[in-house]
Amino acid sequence: MSKVEDYFNVEGKVIAITGGAGVLCSEMARSLGEAGGKIAVLDLSEKAMAMLSNELTEKGVEHITIKTNVLQKNDLVRAKDEILKTFGKIDILINGAGGNKPEATTSKDKSFFELPEDAVQWVFNLNFLGTFLASQVFGEYFAEKGYGEIINISSMNAFRPLTNIPAYSAAKAAVSNFTQWLAVHMNHNYSKKIRVNAIAPGFLLTNQNRFLLTNEDGSLTQRGNQILDHTPMGRFGEPKDLISTVMWLISDSSEFVNGVVVPIDGGFAAYSGV
Ligand code: NAD
């Protein structure tokens with residue numbers, strides 16, 4: 001590294017983003033693409049990818065979209081091969097596919113004792129197994145090449161579980177744990193130039209949690225108000241709040257940072273509530 005202004009350079013880096021057409025990761029695709037990254041959007045939703053692709057084309061971002069289910073290893077292998085055919089290399093994997101669903105959430109009408117096994121399994125599969133399988137497929141390529149960066153998406157509830165969402169909390173705790181495990185495993189067994197880190201976004205008002213944080217008339221639920229009271233910076237996050245940390249983690253500016261989970265939460269994790 002020479003100049004400080006080169007630290008955050010992602011120009012020409014090929015960045016594969018699973019769940020890349022979702023709320024948070026489409027912002028990463030736009031921002032990292034505008035910064036000169038070549039973007040491969042891997043998502044289940046063809047409709048969301050088509051909309052994002054139009055936007056990326058308008059912005060002049062070099063990109064491809066590939067319909068991919070992160071729970072199907074064959075799909076991930078096919079996607080990896082297609083990216084290599086298009087761009088000739090892959091530098092970065094962002095494991096963005098994830099989320100929660102109401103069926104795996106306790107409420108006034110549904111106790112913990114009634115949470116259905118298939119909903120719990122769905123949440124675990126999407127958040128943990130989807131990250132695990134994509135890391136196997138792309139990680140093997142990074143191991144052969146000798147370098148690469150993996151960014152996982154954990155959550156506040158991996159540090160301390162939030163009420164109502166036991167499956168999502170446990171699955172994100174597994175993602176944080178796996179981030180540390182894989183960082184060490186890659187360095188010990190394959191290359192000292194492979195890094196695996198995670199971000200833990202705080203509370204952003206998005207599709208997965210809107211039903212928990214807002215009422216039908218748009219006002220905040222009791223839970224929504226509790227979160228704001230517990231966030232020293234006094235607001236919900238926005239997708240763009242994640243970008244500079246992701247840029248830092250995927251660029252040479254963090255070249256000695258490995259196996260960390262970075263909270264981006266307006267101080268939520270630091271506040272005891274007193
Ligand atoms: P989102 O629902 O907007 O995006 C998720 C994307 O993943 C969607 O485009 C969806 O089509 C895709 N997807 C779903 N299943 C898939 C599969 N099997 N294979 C491939 N793609 C699949 O969610 P988001 O709010 O943008 O969240 C992105 C990530 O950030 C998730 O891991 C989420 O758990 C995490 N996160 C979100 C928040 C928040 O407040 N929104 C907070 C912390 C962490």
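A polar contact is a pair of N or O atoms within 3.5 Å; within protein, one of the two must be able to donate a hydrogen and the other to accept it. The side chain of Ser254 meets the distance limit, since it reaches the backbone oxygen of Leu249 at 3.2 Å. The structure discussed here is a predicted model.

**Domains**

- The protein is divided into domain 1, made up of residues 3–202 and 240–267, and domain 2, made up of residues 209–236.
- The centres of domain 1 and domain 2, taken over C-alpha atoms, are separated by 25 Å.
- Contact between the domains involves eleven residues of domain 1 and seven residues of domain 2.

**The ligand and its surroundings**

- There are 28 residues around the ligand, and those that come nearest are Val23, Leu24, Asp43, Tyr168 and Thr206.
- By class, this shell has eleven nonpolar, 15 polar and two charged residues.
- Tyr168 places a polar side-chain atom 2.6 Å from an oxygen atom of the ligand.
- Thr206 has a polar side-chain atom 2.4 Å from a nitrogen atom of the ligand.
- In the case of Val70, a backbone N or O atom lies 3.0 Å from a nitrogen atom of the ligand.
- The ligand taken alone exposes 830 Å², and the protein buries 89% of that area.
- Helix H1 (23–34), helix H4 (117–145) and helix H5 (166–189) are the elements that give two or more residues to the shell around the ligand.

**Helix H8**

- Helix H8 spans residues 243–250, and six of its eight residues are buried, so the helix is largely enclosed by the rest of the structure.
- Its buried residues are Ile243, Thr245, Val246, Met247, Leu249 and Ile250.

**Ser254**

- Ser254 is found in the loop between H8 and S7.
- Ser254 counts as buried because its relative accessibility is 0%, and the cut-off for a buried residue is under 20%.
- When its neighbours within four places in sequence are left aside, Ser254 is in contact with Arg195, Trp248 and Leu249.

Key
Residues are numbered from 1 along each chain as its sequence is written. This is a predicted model: local features need pLDDT of at least 70, side-chain atom pairs count only at pLDDT 80 or more; totals for chains, interfaces and linings use all residues. Side-chain values use heavy atoms; hydrogens and water are left out. A residue is near a molecule or strand if one of its heavy atoms lies within 4 Å of it. Accessible areas come from the Shrake-Rupley method with a 1.4 Å probe; for residues, only the protein chains shown count as cover. Helices (H or I, at least four residues) and strands (E, at least two) are DSSP runs, numbered from the N terminus. Ala, Val, Leu, Ile, Met, Phe, Trp, Tyr, Cys and Pro count as nonpolar, Asp, Glu, Lys and Arg as charged, and the others, Gly among them, as polar. Buried means under 20% relative accessible area, exposed over 50%, partly exposed in between (1.4 Å probe, protein chains only). Domain bounds come from an automatic or database domain assignment. Contact means heavy atoms within 4.5 Å.
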